[in-house]
Amino acid sequence: MTTTTPTATAAPKAAAPEPTPRRARRRSRRSTPLTIAMLAALAYFLLPLFWLLIASTKSTQDLFNSFGLWFSHAPQLLTNIKETFTQDDGVFVHWLLNTVLYAVVSAVGAALLAAAGGYGFAKFRFRGDRFAFNLVLGAVMVPTTALAIPTYLLFAKAGLVNTPWAIILPSLVNPFGLYLMRIYAADAVPDSLLEAARIDGAGEARIFFRIALRLLGPGLVTVLLFTLVATWNNYFLPLIMLNDPDLYPITVGLASWAAQAQNGGAGASSDMLALVVTGSLLSIVPLVVAFLMLQRYWQSGLAAGGVKQ
Amino acid sequence: MTAVRRRRAAGPLFVAPFLALFLLLFLAPLGYAAYLSLFQNRLIGGNVFVGLDNYTQALRDPQLLHGVGRVALFFVIQVPLMLLLALLFALALDSGLLRLARVIRLGIFVPYAVPSVVAALMWGYLYGPDFGPFAQLSRDLGLPAPDFLSDGWMLGSLANIVTWEFVGYNMIILYAALRTIPQELYEAAAMDGAGAWRIAWSVKLPALRPALLLTLLFSVIGSFQLFNEPNLLMKIAPDVISSSYTANLYAYSLAFTGQQVNYAATVSFLLGLVIVIASYAVLLTANRRRTP
């Protein structure tokens with residue numbers, strides 16, 4: 001099952017015109033009760049985000065003194081954003097840039113490694129290939145956080161703790177990504193095409209980078225996007241690996257601000273709370289936008305992982 | 001001849017970079033944890049080999065057992081609820097009966113793009129007694145405020161956060177799988193007189209098996225290593241969430257607060273083992289049921 005198939009079969013299904021007119025009429029009948037039920041569910045999922053948006057326009061005092069799900073009399077979103085960016089000499093900007101750096105390097109690296117590995121396992125037979133692949137597949141079930149503490153201890157010996165590498169290196173190995181790319185490569189890269197290129201005298205590296213990688217594109221983007229999200233959202237690993245606030249990604253930074261806001265008595269006197277709330281809003285905007293723009297990719301990619309077992 | 005030989009050599013070269021990092025960053029830490037778990041750092045005598053002593057200690061450690069028990073309970077309650085919701089939403093989206101289907105699908109999925117840290121902070125504030133809207137509303141109505149952060153509610157409150165984060169993700173996996181069911185199957189079923197519910201039960205559900213299994217496996221792995229949400233709510237409810245509330249939280253506090261490196265490695269290793277065993281148990285039960 002290639003990931004192009006779901007979209008291919010989905011397209012005619014979504015389009016209204018159908019062979020017989022009677023079917024078409026039945027298809028166009030919408031259910032109002034079901035729509036209302038789903039809109040209620042939707043409200044649950046959007047409620048916290050709506051609250052966050054409203055809360056970002058408030059001062060800490062207003063957070064306590066006005067109703068949470070509506071604006072106060074003095075909205076100050078821009079002031080809050082400015083204060084978030086300038087607090088502690090602009091450490092929030094550092095966190096944002098760190099997060100982008102960690103997430104992008106990890107995602108590109110992990111996607112390329114998984115693509116090369118998946119292609120190698122799908123298109124070549126060599127001694128031990130089965131064993132090696134099963135070893136990686138078994139690792140899909142090993143939880144990353146169970147690995148984090150031992151990895152920290154190893155990295156501490158190697159002097160890698162408290163450097164960007166401590167976050168990037170563990171994120172490069174994505175066993176599920178390799179599994180996904182192997183499935184994808186098996187169908188998306190035809191053997192006949194590879195043979196033809198070989199007969200034309202192309203080297204294996206050239207075939208991979210010039211031909212295979214292009215055919216693997218959608219799968220590659222899927223692994224890229226999911227590693228990006230995983231690294232962007234990662235909290236446990238940077239929490240244990242880093243102790244220099246200038247190296248924090250946004251998750252650990254926000255958590256440290258939240259702890260400060262809490263220790264400040266949690267009262268209206270501390271103005272950290274407004275910064276935590278506004279910082280939270282600012283940190284989710286890029287990913288939400290990326291997901292909405294790239295939805296074609298993650299949907300088809302998820303289909304590939306979910307269909308073939 | 002040389003071309004054939006070069007081609008044989010190419011396969012290992014493509015997989016080598018991944019496997020090298022896999023060895024260094026996956027197998028080596030696992031091996032190191034296993035090695036560390038066999039030693040103890042004592043005041044007198046320094047680092048001593050103790051065999052399986054750490055494991056016998058861990059298996060009788062009430063804090064660890066409670067932590068594992070709590071995540072197991074969390075798994076048993078939260079995961080079926082989350083997957084059932086995801087399944088119902090996916091079937092509703094696929095039924096073609098919805099207006100605004102696209103908006104609904106994306107809206108339910110959006111929480112997946114929210115970091116769990118932000119999700120836990122947001123819900124923590126929403127739950128809170130001071131400026132959480134639920135407490136505000138109950139105060140306005142003269143009712144006692146629901147104490148979502150109390151001992152009795154906490155596990156449910158955590159389950160709600162995790163459900164909020166992951167229903168959309170699971171829904172998309174299931175929905176994508178539904179879209180791959182060939183149209184002819186529906187036509188054949190309709191020809192045989194099957195209604196919408198019958199089609200959902202007899203055609204769609206069996207076709208969803210692999211996707212459901214995948215979501216279930218990811219959920220096993222996710223719930224047993226529960227850490228971020230309790231770690232953040234701990235700061236607003238320190239009396240309810242102890243440093244050993246979940247197994248992973250316990251391993252963390254052992255390593256970084258207690259400095260008990262060897263014991264922390266043991267707990268990590270055991271937790272990993274529990275998750276692998278639970279995952280295989282899920283796989284085996286699923287596969288056995290397939291061949292009745």
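In the predicted model, helix α12 of chain A (residues 217-233) comprises 17 residues and spans 24 Å from its first C-alpha to its last, close to the expected 24 Å at 1.5 Å a residue. Helices are DSSP runs of H or I of at least four residues, numbered from the N terminus, and the expected span is 1.5 Å times one less than the number of residues. Because 13 of the 17 residues of α12(A) are buried, this helix is largely enclosed by the rest of the structure; a residue is buried with 20 or more other C-beta atoms within 10 Å of its own, exposed with 12 or fewer, and partly exposed in between, C-beta atoms being placed from the backbone.

Residues are numbered from 1 along each chain as its sequence is written, and chains are lettered from A in the order in which they are written. As the model is predicted, local features need pLDDT of at least 70 and side-chain atom pairs count only at pLDDT 80 or more, whereas totals for chains, interfaces and linings use all residues.

The contact involves 86 residues of chain A and 85 residues of chain B, contact being defined by backbone-placed C-beta atoms within 7 Å. On the side of chain B that touches chain A, helix α1 (residues 2-36) of chain B gives the most, with 22 residues.

Note on methods. Helices (H or I, at least four residues) and strands (E, at least two) are DSSP runs, numbered from the N terminus. Two residues are in contact if their C-beta atoms, placed from the backbone, lie within 7 Å.
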